[in-house]
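This briefing is for a reader who is new to the structure shown below.

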Amino acid sequence: MQKMNKSTKVLFSEKFTRAINKVFANFTNSYDFEKQSKYGISQKSYPSLDLENLTAQEAQLIYYRDFWKIQPYEQINSVDIAEKVFELAIESGTEIAHTLLQRALRSVGNPVQENGNLDKVTLIAINSANPKELLAAFRSEVAGHYRTSFEHTHIKVDVAELMLKHAYAWDKQ
């Protein structure tokens, strides 16, 4: 695996550690019914990866390479917004995370196209929005996404409640 660029390593490492602690401490064991993931990395997404022997450091490199490095999260002025969209990208995928952020932007008066991409127009809108208002709107979009997902899956009620609590607590952490 590639080494991280030293200029972004500190910021990414901090965000990764916080995201992993929040997301996977709560959810990995709860809704990974088939026990085919580790640190949120699934065997389905990485079929040739030896999950049993995957270390936290290797997981961090995968998230850096496949989520952080290829997305413009460092261009988001609000550390809280960058962290939350990164966290949701880990949980649900980048397209869903970015689309929900774009919907949140629309709800706070910054109409952007909902295309699942953090393009220049979306980044300008993110950085011009009130971070507290945007985070609240994003939290609501994420909770709505979770509720819709629950209707189409077999997630246990206690896990669903935990996920909603997690979504609503985002701006209070």
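Trp68 counts as buried because its relative accessibility is 3%, where buried means under 20% relative accessible area, exposed over 50% and partly exposed in between (1.4 Å probe, protein chains only). The model is predicted, so local features need pLDDT of at least 70 and side-chain atom pairs count only at pLDDT 80 or more, while totals for chains, interfaces and linings use all residues. Residues are numbered from 1 along each chain as its sequence is written, and side-chain values use heavy atoms, with hydrogens and water left out.

**Aromatic rings**

- The structure holds four aromatic pairs; rings of Phe, Tyr and Trp (its six-membered ring) pair if their centres lie within 6.5 Å, and planes under 30 degrees apart count as stacked, over 60 as edge-to-face and the rest as tilted.
- One of them joins Trp68 and Tyr73, a tilted pair with 5.6 Å centre to centre and 50° between the planes.
- Both Trp68 and Tyr73 are buried.
- Trp68 also pairs with Phe86: the ring centres are 5.1 Å apart and the planes stand at 85°, so this pair is edge-to-face.
- This pair links distant parts of the chain, as Trp68 lies in helix H2 (residues 56-68) and Phe86 in helix H3, 18 residues apart.
- Helices (H or I, at least four residues) are DSSP runs, numbered from the N terminus.
- Phe86 has 0% relative accessibility and therefore counts as buried.
- Trp68, Tyr73 and Phe86 form one aromatic cluster.

**Helices H3 and H4**

- The axes of H3 (residues 79-92) and H4 come within 7 Å and cross at roughly 140°; axes are lines fitted to C-alpha atoms, for helices over the stretch in contact, and angles run from 0 to 180 degrees between N-to-C directions.
- H3 is therefore oblique to H4, since angles under 35 degrees count as roughly parallel, over 145 as roughly antiparallel, 65 to 115 as roughly perpendicular and the rest as oblique.
- On the H3 side, the residues making the contact are Ile81, Val85, Leu88, Ala89 and Ser92; contact means heavy atoms within 4.5 Å.
- On the H4 side they are Thr94, Ile96, Ala97, His98, Leu100 and Leu101.

**His98**

- His98 sits in helix H4 (residues 94-107).
- With a relative accessible area of 1%, His98 is buried.
- Leaving aside neighbours within four places in sequence, His98 is in contact with Gln71, Tyr73, Val85, Gly116, Asn117 and Leu118.

Definitions and conventions: Helices (H or I, at least four residues) and strands (E, at least two) are DSSP runs, numbered from the N terminus.
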